[in-house]
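Student: I'd like a close look at just one part of this one, please. Pick a region and walk me through it, cut-offs included.

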Amino acid sequence: ERAEQALESGNLLLRLVPRRPQSEFSHVLLEVDPGQFLIHRLSVVELIGQRNDYVFSNFKANVRVPDRRFRFKAPKGTEVIRQ
């Protein structure tokens with residue numbers, strides 16, 4: 001297996017391996033900016049070596065989102081408990 005390189009200089013690579021073997025993947029790779037603690041890349045590597053890479057950019061922190069953007073409608077028959 002070749003040594004993995006960060007996409008951006010200075011970022012850390014974290015290789016996450018499941019405790020028990022998984023049929024879906026062998027490991028997950030996270031590329032993290034150690035200064036801001038942002039994930040820049042998520043790679044899911046399958047047992048056969050195929051991988052899916054997700055690269056994140058244009059981060060926006062603490063953006064206000066209006067409450068009206070979130071609506072929850074409980075499915076029929078669901079008990080809703082309010083506290």
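Tutor: Strands here are DSSP runs of E at least two residues long, numbered from the N terminus (helices are runs of H or I, at least four residues). Bear in mind that this is a predicted model: local features need pLDDT of at least 70, side-chain atom pairs count only at pLDDT 80 or more, and totals for chains, interfaces and linings use all residues. Residues are numbered from 1 along each chain as its sequence is written, and side-chain values use heavy atoms, with hydrogens and water left out.

Four strands form an open sheet in the order 1-2-3-4, paired antiparallel; two strands pair if DSSP finds at least two bridges between them. Strand 1 (12-16) and strand 4 (51-55) are the edges, each pairing on one side only. Strand 1 has 5 antiparallel bridges to strand 2 (residues 27-33), and Arg 15 sits opposite Leu 29 of strand 2.

Now zoom in on Ser 43, part of strand 3 (residues 38-45). Ser 43 is buried at 0% relative accessible area (buried is under 20%, exposed over 50%, partly exposed in between, with a 1.4 Å probe and protein chains only). Skipping neighbours within four places in sequence, Ser 43 is in contact (heavy atoms within 4.5 Å) with His 27, Val 28, Leu 29, Arg 51, Asn 52 and Asp 53. The side chains of Ser 43 and Asp 53 also make a polar contact of 2.5 Å; that term means a pair of N or O atoms within 3.5 Å where, within protein, one must be able to donate a hydrogen and the other to accept it, and residues adjacent in sequence count only if both atoms are side-chain atoms.

Ser 57, in the segment after strand 4, is exposed at 54%.
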